[in-house]
Amino acid sequence: MKESLLKMLACPTCGQGLAVEGPPPSPEGEILEGRLICPAGHAYPIRAGVPRFVSDDAYVDNFSFEWKLHCRTQMDTCESKVSEEDFRRKTGLLPDQVRGKRILDVGCGMGRFLDVVARWGGEVVGIDLSYAVDAAFVNLGRGAGVHVVQADVFSLPFQEGCFDIIYSIGVLHHTPDCRAAFLRLPRLLVGGGHVCVWVYGRYNKLQSFTSDCWRAITTRLPKRFLYSLCYLSVPLYYLYRIPGIGHLLRNLFPISMQKRRTWRVLDTFDWYSPKYQSKHTYPEVFSWFREAGLRQLMLYEPPVAVRGTRDWQSPSQPSEAPGSGH
Ligand SMILES: C[S@@+](CC[C@H](N)C(=O)[O-])C[C@H]1O[C@@H](n2cnc3c(N)ncnc32)[C@H](O)[C@@H]1O
Ligand SMILES: [Zn+2]
């Protein structure tokens, strides 16, 4: 953890600022062990370079397992920029809009989008409930402008009005209440700041029905066994590409149709293992944005990718004015 993160943090229990206690930072300026403490005495450990605002990975142990195994699978390389393209399509954000901005990645996993945003010159904080944060810290946490925090979206440890941009890609539908999780985000935005979310769509009703039936079984299987079963997606992919029968099979027993076989296994596990998985429509997600007072709603890659902007003047930020910020 870098000391520069402190100015963004707030105690999730009482909202006051936090101070660090413990050994001095490493030569590169990283606080690897210690604790954060607020004036009321609420304390949170820093372990292996990551501040921990949760005691364990609660209902996302499947993601701790997944991101430990696939800690770099989806990371961009010199030859391939798939995560960067994905980020552009799902948020509509461009490098110029990110450069010099303070950004929150809600549910960062192993950090593939932290990598994109840091390359584009943003200062980015990634939070995740799972132990994926350990992979994210190893991958990127020591890099300039990247912070990694283990926290729950329902109890975020940040000052109000702290971020210029908040994005959450493929995360909120894995919480027990997608709308409630979304509504935790806008208060953390500065006036004029943007929030971008991408969630699963509820448009293919047959596929949703069959996959929900399968998930009633798969979410109860031991993770290692389920992960082995996901290797079936490697040969099935070729069968599923046959016109007619392939289309039917895709609806009866959905698998990831990613071209790369490692991504296919990962994405199939990512579909069948999470305890919570909800699906949504554009009108439903729009209604959450309106409920939060966000405006200038923009649509991006289907199924459901939406961006909205916080007003300059809003009830919890009465003195905010254009041009203010950090
Ligand atoms: C499908 S992964 C997406 C990760 C990353 N956004 C990406 O696209 O590579 C969903 C992530 O959401 C995280 N998550 C689920 N519930 C959460 C919660 N309540 N608070 C924070 N993160 C959560 C999981 O731990 C997991 O890493
Ligand atoms: Zn406190």
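A58 counts as partly exposed because its relative accessibility is 48%; partly exposed sits between buried (under 20% relative accessible area) and exposed (over 50%), with a 1.4 Å probe and protein chains only. This is a predicted model, in which local features need pLDDT of at least 70 and side-chain atom pairs count only at pLDDT 80 or more, while totals for chains, interfaces and linings use all residues. Residues are numbered from 1 along each chain as its sequence is written, and side-chain values use heavy atoms, leaving out hydrogens and water.

| Residue | Phi | Relative accessibility |
|---|---|---|
| A48 | about 50° | 42% |
| A58 | about 40° | 48% |

Another backbone feature to look at is the cis peptide bond joining P302 and P303, with omega about 5°.

Now to the interior. L114 is in contact (heavy atoms within 4.5 Å) with residues including V124, L140, V148 and Y167, leaving aside neighbours within four places in sequence.

Finally, R102 is buried yet has no salt bridge, meaning a Lys or Arg side-chain nitrogen within 4 Å of an Asp or Glu carboxyl oxygen. The nearest side chain of opposite charge, E123, is 4.2 Å away, while the R102 side chain reaches the backbone oxygen of C162 at 3.3 Å.

Technical notes: Chains are lettered from A and ligands numbered from 1 in the order in which they are written. Lys and Arg count as positive and Asp and Glu as negative; His and the chain ends are not counted. A polar contact is a pair of N or O atoms within 3.5 Å; within protein, one must be able to donate a hydrogen and the other to accept it, and residues adjacent in sequence count only if both atoms are side-chain atoms.
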